[in-house]
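Please open the structure in your viewer and keep the selection tool at hand. The stops below can be followed in order.

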Amino acid sequence: MYLDLREKLAENLRKAGYRVISPFKVLVGWVDIAILRKRVGIDLYAGSYESCIERLTSHPFREIYVVGDCDGCIPIEEFCESFNIEIPCESFEELENPSMHVKAIEDSLAYLYTVGEVYEKNIDYKPLKVAIADLKMLGFSSSFSKPKLKPEMFACLTHEGYAAAKKVVGRRVKRNEKKLKKIAEDPKSYIIALGISESLAVRSAFDKPEDYSLKSLLNFMKKFPLEECRFTESAHPKTVLCQFLANSILNEEAVKLAKKLNNMGLAFKLKSYSPYGYEMGEEYRITKEAVEAILKFSYTEIPKDVIGEFLAATYPLTHTDIYPILNQAGQHLLNAEKAGFCRISGTKITIGEKFVEYARVRLAMIMERVIEGLS
């Protein structure tokens, strides 16, 4: 599987003197290896060449390589020769069934790896309740308190625990490769995976529309809180659109996907707390590796014009300077101005009283187009 090859390839590059980061976060998910000083991005083909290219080109690499056996890919032998490194040898790891005690430790490692930290006074995850003392004895976990919450204690992984947990999660991805590829066959899974790639979390928040007809989507958008349209200038527009879809009309499908990953030990349901320790509800936390796999195994294209229209409907809700989106959304903004919903002066925009209503209608139409494009 690509995880083994990635690890060995990164190690061989390090031995040859390259300073690599693996995996490396980009605007659209992750790429397998980055050599930042040389601005080189490397991704291993695992089912979708288009997905590799989209992720690699979302970061300003000077050179990009898709390594594998496909049209457009560079064979592994040729890649290693060009970088003057050894060709990684294939190896197959036997995945034995662990004992109940070892399984509790592995489950606990994967859990802490995914959720980050847990409030020791109220551990809901049963394997962690059983194994927390062993994790500390083995040096895999430690406790700490927060300045505002002393003397309350929280548990997290140590450096050694993180390394061990990463191996556990990697084995689970390998063990469930066929199931993950089956999930990735649904084009909505790519949208959901990209939508949750920033937060690595899914919360059941909204009822599903009756269907994906424009009438149902308009009724859905009447009640949808537009504050969910959070937009940061550092985010990729396609990622933001997919976040919106995963939090709105595809929220139920996102929860179903999280439940499937939960059955594989690649997602966990837990209570979420505010920084002051107040319970805020329940959500699923997803392992980065599971989201990575779905993005590598699949690809769903969303037309640039649809993304531009989405930006025109959402960006002005929280920004008055529209310069960052003019290239993609300029014509759509001019159409909104002609219809009387906003006023544009240079790169500044002033929205009218009916702009929010206009945005809801446009968003319903955008969602209809996206769903139609999946069939």
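Predicted model: local features only at pLDDT ≥ 70, side-chain atom pairs only at ≥ 80, totals over all residues.

## A guided tour

Residues are numbered from 1 along each chain as its sequence is written, and side-chain values use heavy atoms, with hydrogens and water left out.

The largest cavity holds about 40 Å³ of space, a volume being the space filled by probe spheres set on the grid points, which are joined across faces, edges and corners. Its lining divides into 2 nonpolar, 1 polar and 5 charged residues, where Ala, Val, Leu, Ile, Met, Phe, Trp, Tyr, Cys and Pro count as nonpolar, Asp, Glu, Lys and Arg as charged, and the others, Gly among them, as polar. Now highlight helix H12 (residues 288–297), which gives the most to this lining, with 3 residues; helices (H or I, at least four residues) and strands (E, at least two) are DSSP runs, numbered from the N terminus.

Next, select helix H6 (residues 159–175), whose 17 residues reach 25 Å from the first C-alpha to the last, close to the 24 Å expected at 1.5 Å a residue; the expected span is 1.5 Å times one less than the number of residues. Among the buried residues of H6 are Gly161, Ala164, Val168 and Arg172, buried meaning under 20% relative accessible area, exposed over 50%, and partly exposed in between (1.4 Å probe, protein chains only).

Move on to helix H11 (residues 251–263), where the end C-alpha atoms are 19 Å apart, in agreement with the 18 Å that its 13 residues should span. Its buried residues include Asn251, Val255, Ala258 and Leu261, and just after H11 Gly265 takes a positive phi of about 75°.

Finish in the loops. Between helix H1 (2–15) and strand E1 (24–25) lies Pro23, and the peptide bond from Ser22 to Pro23 is cis, with omega near -10°. In the loop between strand E3 (33–35) and strand E4 (40–44), select Arg39, a residue other than glycine with a positive phi near 55°; Arg39 is partly exposed, at a relative accessible area of 37%. Asn84, in the loop between helix H3 (76–82) and helix H4 (100–115), also has a positive phi near 55°, and Asn84 is exposed, at 68%.

Methods: 1 Å grid on protein atoms, 1.4 Å probe; cavity = no way out; pocket = protein on both sides within 12 Å on 5 of 7 lines; lining within 4 Å.
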